[in-house]
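Let's take a walk through a protein together. Keep the sequence and the 3D view handy as you read.

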Amino acid sequence: MLKILISWLVGSILFFAPAALADIPAYTVIKEKSFIKFFAIQNGASVEGRFNDFTADIRFDPDHLDQSSITVEVATNSVSAADDEVVKNLKTKDWLSTEIFPKAVFTCKKLTRMPTSDNYYADGTLTLHGKTLPVVLNFQMEHFDGKNALATGYVTLHRMDFNIGQGEWAHDDVIKNEVRVEFRIAAERK
């Protein structure tokens, strides 16, 4: 009898486990309600820019974070700023080198929720300018009803870790090493 019970339990786990993995909802980004911005300090003043072209593969269930995942791809050539000269420089090989490295990719398969809050950490990797390094995004779920989601968050990157700003820009005397990236992602369930 014990053998039958164990066989049934093992069979049930094997049968239902793939179904549980397949049930993690997928979300599509609503571009007109979303953004990815960055802030750098040049000569003591804040410089703001943004990336206008990005996609995301979001699989999210707050009750099954161990099966949730996020992948964001950013077209580096879509960088924009108020100053056209800044944009031109950012696309060069000393900075983003957009022709050689057309995409930046953040991949996360480990999400953690802070207890009794809507705050999360997304532990992942960022591939930027040919380098892949660990990165932790902080984000807050501003709205989540199972059909629609709105998350806002940030991460502070060190540009020199990714070889961003080479040559005369390889020091942080004119442009600081820290770059704050902020995002707002509005998404709807597929």
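Predicted model: local features only at pLDDT ≥ 70, side-chain atom pairs only at ≥ 80, totals over all residues.

Residues are numbered from 1 along each chain as its sequence is written, and side-chain values use heavy atoms, with hydrogens and water left out.

What is the protein built from? Follow the sequence and you'll read the pattern α-β-β-β-β-β-β-α-β-β-β-β-β. Of the 190 residues in the protein, 37% are buried. Here, buried means under 20% relative accessible area, exposed means over 50%, and partly exposed is in between (1.4 Å probe, protein chains only). A contact means heavy atoms within 4.5 Å. Among contacts with a separation of 6 or more, 57% are between residues 24 or more positions apart.

Now head inside. In soluble globular proteins, nonpolar side chains tend to be buried together. A nonpolar core is a set of buried Ala, Val, Leu, Ile, Met, Phe, Trp, Tyr and Cys residues joined through side-chain atoms within 4.5 Å. The largest one here has 43 residues, and the members that touch the most others are Ile36, Phe60, Phe106, Leu111, Val135 and Phe139. Strand S11 (residues 178-189) gives this core its largest share, five residues.

A pocket is found on a 1 Å grid over the protein atoms alone, as an open set of points where a 1.4 Å probe fits, with protein on both sides within 12 Å along at least five of seven lines; lining residues have an atom within 4 Å of a point. Grid points are joined across faces, edges and corners, and the volume is the space filled by probe spheres set on the points. The largest pocket comes out at about 1000 Å³. Its lining has 43 residues, and those closest to the centre are Ile36, Lys37, Phe38, Phe51 and Val181. What kinds of residues line this pocket? There are 38 nonpolar, two polar and three charged ones, counting Ala, Val, Leu, Ile, Met, Phe, Trp, Tyr, Cys and Pro as nonpolar, Asp, Glu, Lys and Arg as charged, and the others, Gly among them, as polar.

On to the charges. Side chains of opposite charge can pair when their charged atoms come close. The structure has six salt bridges, each a side-chain nitrogen of Lys or Arg within 4 Å of a carboxyl oxygen of Asp or Glu. In one of them, Lys37 meets Glu48 at 3.8 Å, N to O. Lys37 sits in strand S2 (residues 35-42) and Glu48 in strand S3 (residues 45-51), so this pair ties together parts that are 11 residues apart in sequence. Lys37 is buried at 18% relative accessible area, whereas Glu48 is partly exposed at 40%. Another bridge joins Glu73 to Lys103, with their closest N and O atoms 3.0 Å apart. That pair links distant parts of the chain, Glu73 in strand S5 (residues 69-75) and Lys103 in strand S7 (residues 103-113), 30 residues apart.

Finally, a few single stops. Asn138 belongs to strand S9 (residues 131-144) and is buried, with a relative accessible area of 19%. Leaving out residues up to four places away in sequence, Asn138 touches Tyr120, Tyr121, Thr152, Gly153, Tyr154 and Phe183.

Two loop residues are worth a click as well. Thr116, in the loop between S7 and strand S8 (119-128), has a positive phi of about 50 degrees although it is not a glycine. His129, in the loop between S8 and S9, has a positive phi too, near 55 degrees. Are these two buried or exposed? Thr116 is exposed, at 88% relative accessible area, while His129 is buried, at 8%.

Definitions and conventions. Helix = DSSP H or I, 4+ residues; strand = E, 2+ residues; numbered from the N terminus.
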